[in-house]
Amino acid sequence: MSFVSILMGSKSDYELVRQAADILQNFGVRYELIITSAHRSPQRTIEYIKKAEKKGAEVFIAAAGMAAHLAGVVAAHTIKPVLAVPMPGSNLASMDSLFSSVQMPRGIPVATLAIGGAINAGYLAVQILALRDEKLAQALLEDRKMQEAKLIADSKSVEIILD
Ligand code: RP5
C-alpha cells in the first residue's frame with residue numbers, strides 16, 4: 001500500500017513538521033513519520049529509507065535544519081520524489097538549511113519548499129499522489145475552492161470598494 005514517508009532530523013523539528021502530517025491526514029493519505037538524522041544516525045536513516053521504499057513509500061518529505069543534509073541523503077538512496085523542508089531557527093537566518101537543501105548536484109534532485117514550508121510539503125505530496133488517484137485530485141480541487149471561498153469571505157468582512 002502506498003504512503004508518504006516523513007523524516008525529520010530532530011525532535012525539535014516535530015512541532016512544525018507535523019503540519020505536513022496534518023495535511024496528509026486531512027486528505028486521508030497514509031503516512032509514516034520518523035526522527036532520524038543524516039549526521040547523528042546515518043545508518044538508521046539509510047536502513048529506514050530502504051525499508052520504507054520496499055513497504056510502498058511513494059514520496060519522501062525530509063525536514064532538517066542548519067547543515068540540512070537529510071533530504072539529500074534520502075535522495076541519494078531512492079528514486080522516489082523527495083521534498084525538502086529547510087527548517088527555520090538557525091543563527092544564519094536559516095539560509096544554511098535553505099542552501100544545504102536546495103543546492104543538490106545534477107542528477108540527484110530534491111524539490112525544496114520554503115523555509116518551514118511543511119504545509120506545502122504536505123500539499124505537494126498529495127498533488128504527486130493525485131497524478132494517479134482521481135479521488136485525491138477531486139479533493140484537491142475542492143480544497144482550492146474552499147481556500148477561495150475563505151479568502152472572499154475574509155475580504156467581505158473588511159473590504160471597501162468605491163463605485
Ligand atoms: C538538524 O539540526 C535538525 O533537523 C534540527 O533542525 C537542527 C537542530 O537540532 P537539535 O540540536 O535541536 O536536535 O539536524
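Buried means under 20% relative accessible area, so Ser94, at 7%, counts as buried. Keep that cut-off handy, since it comes back several times below. What you're looking at is a predicted model of a protein chain with six helices and five strands, together with a ligand that has eight named residues around it, from Gly9 to Met66: Gly9, Ser10, Ser12, Asp13, Arg40, Ala64, Gly65 and Met66. Here's a tour, topic by topic.

**The chain as a whole**

- The C-alpha trace spans about 65 × 40 × 30 Å along its principal axes.
- The chain has 163 residues, and 42% of them count as buried.
- Its accessible surface is about 9,800 Å², and carbon and sulfur atoms account for 57% of that.
- Take the contacts between residues with a separation of 6 or more: 66% of them link residues 24 or more positions apart.

**The ligand and its surroundings**

- Which kinds of residue make up the shell around the ligand? There are two nonpolar, four polar and two charged ones.
- Ser10 has a side-chain N or O atom 2.6 Å from an oxygen atom of the ligand.
- Asp13 also has a polar side-chain atom 2.6 Å from a ligand oxygen.
- For Arg40, the distance from a side-chain N or O atom to an oxygen of the ligand is 2.8 Å.
- How much of the ligand does the protein bury? On its own the ligand exposes 360 Å², and 73% of that is buried by the protein.

**The nonpolar cores**

- The largest nonpolar core holds 27 residues, and Val4, Ile6, Phe27, Val29 and Ile61 have the most contacts inside it.
- Several elements give two or more residues to this core: strands E1 (3–8), E3 (57–64) and E4, plus helices H1 (14–26), H5 (118–130) and H6.
- H5 provides the largest share, with seven residues.
- Zoom in on Ile61 and, leaving out neighbours within four places in sequence, you'll find it in contact with Val4, Ser5, Ile6, Leu7, Ala20, Leu83, Val85, Ala121, Gly122 and Ala125.
- There's also a second, separate core of 19 residues, with Phe60, Ala62, Val82 and Ala84 among its members.

**Two residues with a positive phi**

- Met66, one of the residues around the ligand, sits in the loop between E3 and H3.
- Its phi is positive, about 55 degrees, although Met66 is not a glycine.
- Is Met66 buried or exposed? Met66 has 54% relative accessibility, so it counts as exposed.
- Ser94 is the residue from the opening sentence, and its place is the loop between E4 and helix H4 (95–102).
- Ser94 isn't a glycine either, yet its phi is positive, near 70 degrees.

**Thr78, a loop residue**

- You'll find Thr78 in the loop between helix H3 (70–76) and strand E4 (82–86).
- With a relative accessible area of 8%, Thr78 falls under the cut-off and is therefore buried.
- The side chains of Thr78 and Glu53 are joined by a polar contact of 2.6 Å.
- Beyond neighbours within four places in sequence, Thr78 is in contact with Ile49, Glu53 and Phe60.
- Phe60 is also one of the residues in the second core.

**Asp143, a helix residue**

- Asp143 belongs to helix H6, which covers residues 134–156.
- Its relative accessible area is 13%, so Asp143 is buried.
- Which residues does Asp143 contact, apart from neighbours within four places in sequence? They are Phe27 and Tyr123.
- Phe27 has already turned up among the residues with the most contacts inside the largest core.
- Now look at Asp143 and Arg44: they are 99 residues apart along the chain, and their C-alpha atoms are separated by 36 Å.

- Ser2 lies in the segment before E1.
- Ser2 has 34% relative accessibility, so it counts as partly exposed.
- Not counting residues up to four places away in sequence, Ser2 touches Arg30, Gly56 and Glu58.
- The C-alpha atoms of Ser2 and Val59 are separated by 9.0 Å, with the two residues 57 apart along the chain.

Methods: Residues are numbered from 1 along each chain as its sequence is written. This is a predicted model: local features need pLDDT of at least 70, side-chain atom pairs count only at pLDDT 80 or more; totals for chains, interfaces and linings use all residues. Side-chain values use heavy atoms; hydrogens and water are left out. A residue is near a molecule or strand if one of its heavy atoms lies within 4 Å of it. A polar contact is a pair of N or O atoms within 3.5 Å; within protein, one must be able to donate a hydrogen and the other to accept it, and residues adjacent in sequence count only if both atoms are side-chain atoms. Accessible areas come from the Shrake-Rupley method with a 1.4 Å probe; for residues, only the protein chains shown count as cover. Ala, Val, Leu, Ile, Met, Phe, Trp, Tyr, Cys and Pro count as nonpolar, Asp, Glu, Lys and Arg as charged, and the others, Gly among them, as polar. Helices (H or I, at least four residues) and strands (E, at least two) are DSSP runs, numbered from the N terminus. Buried means under 20% relative accessible area, exposed over 50%, partly exposed in between (1.4 Å probe, protein chains only). Contact means heavy atoms within 4.5 Å. A nonpolar core is a set of buried Ala, Val, Leu, Ile, Met, Phe, Trp, Tyr and Cys residues joined through side-chain atoms within 4.5 Å.
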